[in-house]
Amino acid sequence: MTVQTIETTPYADQKPGTSGLRKRVPVFSQPNYVENYLQAIFDSLDGFAGETLVIGGDGRFYNDVAIQKAIRIASANGFGRVLVGQGGLLSTPAASNLIRKYKAFGGLVLSASHNPGGPDGDFGIKYNIGNGGPAPEKITDAVFARSQVIESYKTIDSPDIDLGALGRQQVGEMMVEVIDPVADYAELMQALFDFDAIRALFASGFRMTFDAMHAITGPYAKVIIEGQLGASAGTVVNGVPSPTFNDGHPDPNLVYCKDMHDLLMTPEGPDFGAASDGDGDRNLIIGKNRFVTPSDSLALLAANAHLAPGYKSGIAGIARSMPTSAAADRVAEKLGIEMHETPTGWKFFGNLLDAGRVTICGEESAGTGSNHVREKDGLWAVLLWLNILAARRQGVDEIVRQHWATYGRNYYTRHDYEEVDAAIANALVDDLRGRLPTLPGQVLNGLEVAYADDFTYHDPVDGSTSAKQGIRIGFADGSRIVLRLSGTGTVGATLRLYLERYEAADGRHDLDTQLALEPLIGIAEQLAGVKARTGRIEPSVIT
Ligand code: VG1
Ligand code: CO
C-alpha cells in the first residue's frame with residue numbers, strides 16, 4: 001500500500017451551508033468531487049497526525065462509496081486511527097458521542113439529514129470538531145477557501161475495508177476499527193434517563209409508536225425502546241435503514257408522518273407517537289390528541305428536565321435559534337437562568353455548551369438536544385419525553401395545557417416556499433432588508449412594529465460575529481415575523497417565513513394555529529410579497 005498524490009482541479013460549488021456540504025448524488029459522484037472536499041477539510045486542520053477520526057453516516061445511497069474514499073484519504077493524510085460504525089452507519093448524535101467519548105480529533109458525518117436519498121437524491125459531508133459538534137464558521141470558511149484553490153489530494157492504493165466485520169483492519173499506517181454503532185450511544189442514554197421508571201410505564205400498558213422512517217434510528221430505537229425499555233415488539237416501525245429511505249422523505253413532520261398523526265388522534269391509537277429524521281438528530285413528538293410543536297417541546301423539556309436523573313440538579317441555561325419561538329425564554333425567565341438566541345444551525349450552540357452556560361438547546365425545525373453531545377438528538381428528545389411522562393404520570397396533552405396555563409402560549413408556524421427561483425428569492429430578501437429602517441413605529445393590521453433588523457449574532461464566548469442571519473420584525477405585543485433563506489436546499493432557493501404570536505397565561509390557548517396567526521400572515525405578505533413575487537398561491541410546506 002503506497003501513498004499517492006493525485007492532481008486535481010477545484011469545483012466552484014463546494015461552499016458548506018447550514019449543515020455541511022449538501023448536493024445531489026450526481027454532483028458528489030463527479031471525478032474527485034469527494035476527494036477534493038475531504039482534502040480541503042484536512043488541509044484546513046492542524047495537528048491530527050496519529051489522531052483518531054470518527055466516520056459514519058445515515059446509510060443513504062453513496063454512503064459506502066464515500067466512506068471508503070474517506071478512509072483512504074484519512075490514512076494518506078496521517079490520521080492514526082479511524083472509528084467507523086458497522087455497515088458505515090452512525091446516527092449524527094451517536095457520531096458526536098463517539099468523538100467525545102474516545103477523544104477523537106474530529107469526525108466526518110455523511111448525511112443529507114431529512115432530504116431524500118437515492119441515486120438522484122441528496123448526499124452530504126459534514127466535518128465535526130473534537131468537542132463532537134459541527135465545525136464553526138471559521139473552519140467551514142477555511143475549507144471553502146481551500147476547495148477553491150486545491151491542486152492535489154493524497155490517497156492510498158489499498159483495497160476497500162470490510163465494513164460488515166466488527167474489529168480491526170489496517171489501511172497503510174492507519175488502524176480502522178469497525179464498531180457497533182449503537183452500544184456506546186445506548187450506554188449514554190442509560191446514564192441520563194430513568195430506564196426503570198420508563199420500563200414500568202410500558203409495563204403498565206402505555207403504548208407508543210416510533211417511526212424510524214427507514215432511516216438511521218431504526219437499529220437504535222429497537223435496541224433501546226423495544227429491547228432495554230421493554231416496549232412491545234412492533235413499537236418501532238420502518239426500522240430497517242434503507243439507502244433510499246424506501247423512496248420516502250425522512251423528514252419527521254406532519255406532512256411525512258401524517259398517518260401516525262392521524263392514528264394518534266383516534267381513541268384506539270397509542271398514547272404516544274414519535275419519529276426521527278434521516279440521520280437521527282431531529283424529532284417529532286405527538287401525544288394522544290396533541291401534536292407538540294418543536295418550539296413548545298423545547299420549552300417543555302427545559303421546564304421538566306430536572307425529572308430525569310441526568311439533569312436532576314437543574315439546567316444552567318437554554319439556547320434557541322433565532323427563528324424558534326420565544327416559549328423557552330419564558331421558562332428561562334422563571335428558572336432565573338441564562339437564555340441565548342443564536343443563528344440557525346447547531347454549530348452556534350457549541351461554544352455555549354462547552355462553556356457550561358447552557359444545558360438544553362433547540363430549534364423550531366424539530367431539533368432538540370443537550371450538553372450530552374454537541375448535536376441535536378432525536379432519540380434523546382423522545383427518551384426525555386418518556387422519562388417526563390413516567391415521572392409525572394400525566395398524558396402529553398395535559399402536560400402541554402398546564403404549561404400554557406403557567407407560561408402562556410406562543411402560537412407558531414413556519415411557511416416554506418421551496419425551489420423558488422434563486423434570483424427572485426434573493427431580490428425579495430434584499431428589498432425587505434432595505435426597507436427595515438422605515439418599519440419601527442408603523443402600525444400594520446393594528447400591530448405596532450417595535451423593531452426590525454437583520455439578525456447579527458455576537459458569540460459571547462469567543463467574541464465572533466455572524467451577520468445577515470435572517471430578518472426579524474418584532475411587534476409591541478410580542479408577535480414576530482422572521483424571514484430567511486434556507487442554507488440546506490440543493491435546488492433553487494427555499495424561503496422560510498416564521499410567524500409567532502404570544503397569548504398570555506390567562507388568554508385563549510385553543511385557537512387553530514393558522515387562524516391565530518392569520519393577521520401576521522397578512523402583514524408578512526404585505527411586507528415581503530412572497531406570494532406576489534414568486535407567483536405561488538400557497539407555501540410548499542406548513543409546519
Ligand atoms: C435547516 C433548519 C435548521 C437546521 C438545519 C440542519 O436549515 O432550518 O434549523 O439546523 O436544517 O438540520 P435551513 O438553513 O435549511 O433552514 V439537519 O437535521 O440537516 O442536520
Ligand atoms: Co438531521
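This is a predicted model: local features need pLDDT of at least 70, side-chain atom pairs count only at pLDDT 80 or more; totals for chains, interfaces and linings use all residues.
Biologist: OK, which residues are the protein donors of the cobalt ion (ligand 2)?

Modeller: Ser 113 gives its OG, and Asp 277, Asp 279 and Asp 281 each give an OD, lying 2.0 to 2.2 Å from the cobalt ion. Donors are N, O and S atoms within 2.8 Å of the metal (3.2 Å for Na, K and Ca), and water is not among the atoms, so sites may look incomplete.

Biologist: What spacing do those donors follow along the chain?

Modeller: The pattern is S-x163-D-x1-D-x1-D.

Biologist: And Asp 277, buried or exposed?

Modeller: Asp 277 is buried, and Asp 279 is too. Buried is under 20% relative accessible area, exposed is over 50%, and partly exposed is in between (1.4 Å probe, protein chains only).

Biologist: Switching to helices: how do α10 and α14 cross?

Modeller: The axes of α10 (residues 294-304) and α14 (residues 396-407) come within 11 Å and cross at roughly 85 degrees. The two helices are therefore roughly perpendicular to each other. That label covers 65 to 115 degrees; under 35 is roughly parallel, over 145 roughly antiparallel, and the rest oblique. Axes are lines fitted to C-alpha atoms, for helices over the stretch in contact, with angles from 0 to 180 degrees between N-to-C directions. Helices (H or I, at least four residues) and strands (E, at least two) are DSSP runs, numbered from the N terminus.

Biologist: Which residues of α10 and α14 meet there?

Modeller: From α10 you get Asp 296, Ala 299, Leu 300 and Ala 303, and they meet Ile 399, Val 400, His 403, Trp 404 and Tyr 407 of α14. Contact here is heavy atoms within 4.5 Å.

Biologist: Now α8, which of its residues are buried?

Modeller: In α8 (residues 217-228), the buried ones are Thr 217, Gly 218, Tyr 220, Ala 221, Ile 224, Ile 225 and Glu 226. They cover an arc of only 165 degrees around the axis, which puts them on the same side of α8. The arc is that of the directions from the helix axis to the C-beta atoms.

Biologist: What follows α8?

Modeller: Gly 230 does, with a positive phi near 75 degrees.

Biologist: Which residue other than glycine has a positive phi near 55 degrees?

Modeller: That's Met 213. Met 213 is in the loop between β10 (208-211) and α8, and at 6% relative accessibility it counts as buried. Asn 238 isn't a glycine either, and its phi is positive at about 50 degrees. Asn 238 sits in the loop between β11 (236-237) and α9 (258-264), and at 33% relative accessibility it counts as partly exposed.

Biologist: Last one: where is Lys 154, and what does it touch?

Modeller: Lys 154 lies in strand β7 (residues 152-156). Not counting residues up to four places away in sequence, Lys 154 touches Val 3, Gln 4, Thr 5, Gln 39, Ile 73, Ala 76 and Asn 77. Val 3 is 151 residues away along the chain, yet the C-alpha atoms of Val 3 and Lys 154 are separated by 6.8 Å.

How values were computed:
Residues are numbered from 1 along each chain as its sequence is written. Chains are lettered from A and ligands numbered from 1 in the order in which they are written. Side-chain values use heavy atoms; hydrogens and water are left out.
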